[in-house]
Amino acid sequence: MITQPYQLYVERTDASRKMARYYAMEISTSLFGEICLTRAWGRIGKGGQRRIQSFEREEEAVSLFLELLRQKKARGYRPCPRQRPGSRPTTRPDAIDI
């Protein structure tokens, strides 16, 4: 069981370079009780890619989550306001809801 929720959705945009990217992460528990770090990334408005990693302990997943957060922040990714609950996202990917 996860002690607290870990969720992140950040975007990096640069109109001069025609760049519009997103990166999303979430720590959750699988149906089999494993701790999983789910990551999704790609161009805003597109499906993008997705990766799920399983961990023995929550601390390992949190450690990787925080390291990836530091990396994304250093590369210029910034949080963006969440959509209203129940509304269909216009720029966020449908692949993962974080």
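These questions and answers go through a predicted model of one protein chain.

Me: In what order do the elements of the chain run from the N terminus on?
Reply: The chain has 1 helix and 5 strands. Read from the N terminus on, the order of these elements is β-β-β-β-α-β.

Me: What percentage of the residues of the chain count as buried?
Reply: A residue counts as buried when its relative accessible area is under 20%. The chain has 98 residues, and the share of them that count as buried is 37%.

Me: Which element gives the most residues to the largest nonpolar core?
Reply: The largest nonpolar core has 15 residues, and Tyr23, Met25, Ile27, Leu37 and Phe65 touch the most other members. At least two residues of this core come from each of strand 1 (6-14), strand 2 (19-29), strand 3 (35-43) and helix 1 (58-74). With 4 residues, the element that gives the most is helix 1.

Me: How many residues are in the other core, which includes Tyr9 and Ala40?
Reply: In soluble globular proteins, nonpolar side chains tend to be buried together. Here another core lies apart from the largest one, and among its members are Tyr9, Ala20, Ala24 and Ala40. The number of residues in this other core is 6.

Me: Which residues is Ile27 in contact with, leaving aside its neighbours within four places in sequence?
Reply: Ile27 is one of the residues that touch the most other members of the largest nonpolar core. Leaving aside neighbours within four places in sequence, the contacts of Ile27 are Ile2, Tyr6, Ile35, Cys36, Leu37, Ala61, Val62 and Phe65.

Me: Is Gln53 buried or exposed?
Reply: Gln53 lies in strand 4. The cut-off for a buried residue is a relative accessible area under 20%. The relative accessible area of Gln53 is 19%, so Gln53 is buried.

Me: Which side chain does the side chain of Gln53 make a polar contact with?
Reply: Not counting residues up to four places away in sequence, Gln53 touches Ile35, Cys36, Leu37, Arg39 and Leu64. The polar contact of the Gln53 side chain, at 2.8 Å, is with the side chain of Arg39.

Me: How far apart in space are Arg50 and Ala24, C-alpha to C-alpha?
Reply: Arg50 is placed in strand 4, residues 49-55. Its relative accessible area is 48%, so Arg50 is partly exposed. Arg50 and Ala24 are 26 residues apart in sequence, and their C-alpha to C-alpha distance is 9.3 Å.

Me: How far from Arg12 is the nearest side chain of opposite charge?
Reply: Arg12, in strand 1, is buried yet has no salt bridge. A salt bridge needs a nitrogen to oxygen distance within 4 Å. The nearest side chain of opposite charge to Arg12 is Asp14, at 6.5 Å.

Me: Which residue has its backbone oxygen 3.1 Å from a polar atom of the side chain of Arg12?
Reply: Not counting residues up to four places away in sequence, Arg12 touches Arg17, Met19, Ala20, Arg21, Arg75, Gly76 and Tyr77. The backbone oxygen that lies 3.1 Å from a polar atom of the Arg12 side chain belongs to Arg75.

Me: Is Lys18 buried or exposed?
Reply: Lys18 is found in the loop between strand 1 and strand 2. Lys18 has a positive phi of about 55 degrees, although it is not a glycine. Its relative accessibility is 69%, and because the cut-off is over 50%, Lys18 counts as exposed.

Me: Which residues are linked in a network of salt bridges?
Reply: The structure holds 3 salt bridges. One joins the side chains of Arg57 and Glu59 at 3.4 Å, N to O, and another joins Glu60 and Arg57 at 3.9 Å. The residues linked in a network are Arg57, Glu59 and Glu60.

Me: What is the N to O distance in the salt bridge of Glu67 and Arg70?
Reply: Glu67 and Arg70 both lie in helix 1, 3 residues apart, which is about one turn of the helix. Glu67 is partly exposed at 34% relative accessible area, while Arg70 is exposed at 51%. The N to O distance between their side chains is 3.3 Å.

Technical notes:
Residues numbered from 1 in each chain as written. Predicted model: local features only at pLDDT ≥ 70, side-chain atom pairs only at ≥ 80, totals over all residues. Heavy atoms only, no water. Core = buried A, V, L, I, M, F, W, Y, C linked by side-chain atoms within 4.5 Å. Buried < 20%, exposed > 50% of the residue type's maximum accessible area, 1.4 Å probe, protein only. Contact = heavy atoms within 4.5 Å. Lys, Arg positive; Asp, Glu negative; His and termini not counted. Polar contact = N/O pair within 3.5 Å; in protein donor to acceptor, adjacent residues only side chain to side chain.
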